Amino acid sequence: MTDSSLRCEIFCAVVDNYGDAGVCWRLARQLAHEYRWQVRLWIDDPHALQRLAPDSERVDIRHWRADALFDDDGDIVIEAFACELPMKKRHAMAHRTSPPLWINLEYLSAEEWTLACHKLPSPHPPLAKYFYFPGFDPASGGVLCENDYAARRAAFDPVAFRREFGLPPPAQALTISLFAYANPALPELLRQWADAPYPVHLLQPGVDAPFAAHGALRCYALPFLPQRRYDELLWVCDVNFVRGEDSFVRAQWAEKPMVWQIYPQADDAHWDKLDAFLRLYAKVGAGETALARFWQAWNGRGALDWASFYAELPHQAQHTRDWAKTLHAQPNLAKRLVEFCHERLK
């Protein structure tokens with residue numbers, strides 16, 4: 001379903017530094033590479049994207065600012081995460097002979113109400129804006145995953161990765177990656193790792209200096225990794241601490257036990273999203289009880305109990321593989337979005 005004549009514009013207003021930019025970039029790149037669309041990504045903070053994707057890779061990246069000129073309207077216009085299109089852009093869209101397909105790409109959610117709203121139009125005469133909800137249910141918009149993901153993982157050399165970044169062999173240590181927002185629970189978690197009866201290797205991407213190591217805990221700083229290298233970090237670890245949306249999805253594809261720190265919202269709406277995902281995730285495999293308690297504590301509810309979480313890691317390892325199979329059995333977000341656009345543009 002490739003079509004090199006289709007022009008797509010994606011608008012991204014960066015809120016969660018790397019999360020918003022990361023999701024928009026992955027989608028833009030996949031539409032350009034796998035479907036041969038002509039993709040232009042408007043982003044209000046290009047610096048966030050430069051670290052994630054140093055190579056533009058067929059995507060036309062533009063700085064979205066107040067004096068930007070929208071001189072080449074797309075056939076498909078996507079406003080990511082409910083960002084507001086500039087009025088001059090909406091005016092240009094409304095006065096086209098053939099109005100573009102306007103899509104509001106929402107945040108990823110497992111909440112059931114999103115399924116009822118998925119693909120619904122919102123009238124903005126003479127235009128209509130369609131709500132598109134990524135999710136984990138077959139009736140949702142799906143999650144992002146490139147077609148070459150499995151091949152890249154099969155070709156990955158963990159020994160070479162460790163050698164490149166000066167990391168020790170895994171030996172009998174538990175290797176953990178940590179990518180997190182500021183979290184008051186972190187000092188307690190570091191203490192529990194230091195007191196563990198087994199060695200813990202903590203890999204910290206994008207930090208100038210690692211946390212102080214003591215007891216069983218050894219900390220290693222890694223440079224900030226672009227998206228495709230970050231996947232490799234997830235593959236080489238036994239447990240991955242992730243945050244927001246983009247790294248959260250990548251951790252699910254990595255098929256390793258994970259801990260999610262959801263982006264906090266002032267009205268506590270993030271708790272509904274976290275609980276909704278836990279309910280859905282718990283339907284596949286075992287080990288969800290300690291997992292749910294630990295995730296909630298990591299996000300600010302309850303006390304951290306790493307020992308109980310660790311005791312169920314073998315169950316969680318199988319659980320993550322089963323979950324990934326469930327997701328792989330469904331079309332990914334880009335494929336579903338392309339099909340939706342072709343249906344509306346007929």
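Colleague: How many aromatic pairs does a search of the whole structure find?
Modeller: Bear in mind that this is a predicted model. Two rings are taken as a pair if their centres lie within 6.5 Å. With that rule, a search of the whole structure gives a count of aromatic pairs of 35.

Colleague: Is the pair of Y181 and Y263 stacked or edge-to-face?
Modeller: The pair links distant parts of the chain, with Y181 in the loop between β8 (174-178) and α7 (186-194) and Y263 in the loop between β12 (258-261) and α10, 82 residues apart. Planes over 60 degrees apart count as edge-to-face. The ring centres of Y181 and Y263 are 5.6 Å apart and the planes stand at 70°, so the pair is edge-to-face.

Colleague: Which residues make the nonpolar surface patch with Y263?
Modeller: The patch covers about 260 Å². One of its members, V15, sits in the loop between β1 (7-12) and α1. Together with Y263, the patch is made by V15 and Y107.

Colleague: Which element gives the most to the lining of the largest pocket?
Modeller: This pocket has a volume of about 430 Å³, and among its 23 lining residues Y107, L108, E245, Q265 and K273 lie nearest the centre. The elements that give two or more residues to this lining are α1 (17-34), α4 (113-117) and α10 (269-281). By class, the lining of the largest pocket divides into 11 nonpolar, 6 polar and 6 charged residues. The element that gives the most, with 3 residues, is α10.

Colleague: And which element gives the most to the lining of the second largest pocket?
Modeller: The second largest pocket holds about 240 Å³ of space, and of its 14 lining residues the closest to the centre are A110, E111, E112, A276 and L280. At least two lining residues come from each of α4 and α10. The most, with 3 residues, is given by α10.

Colleague: What volume does the largest cavity have?
Modeller: There are 4 cavities of 30 Å³ or more. The volume of the largest cavity is about 210 Å³.

Terms used:
Residues numbered from 1 in each chain as written. Predicted model: local features only at pLDDT ≥ 70, side-chain atom pairs only at ≥ 80, totals over all residues. Heavy atoms only, no water. 1 Å grid on protein atoms, 1.4 Å probe; cavity = no way out; pocket = protein on both sides within 12 Å on 5 of 7 lines; lining within 4 Å. Points joined across faces, edges and corners; volume = space filled by probe spheres on them. Helix = DSSP H or I, 4+ residues; strand = E, 2+ residues; numbered from the N terminus. Nonpolar A, V, L, I, M, F, W, Y, C, P; charged D, E, K, R; others polar. Patch = residues over 30% accessible without salt bridge, like charges linked within 9 Å, V, L, I, M, F, W, Y side chains within 5 Å. Areas by Shrake-Rupley, 256 points an atom, 1.4 Å probe, with all protein chains shown as cover. Salt bridge = Lys/Arg side-chain N within 4 Å of Asp/Glu carboxyl O. Phe/Tyr/Trp six-rings, centres within 6.5 Å; stacked < 30°, edge-to-face > 60°.
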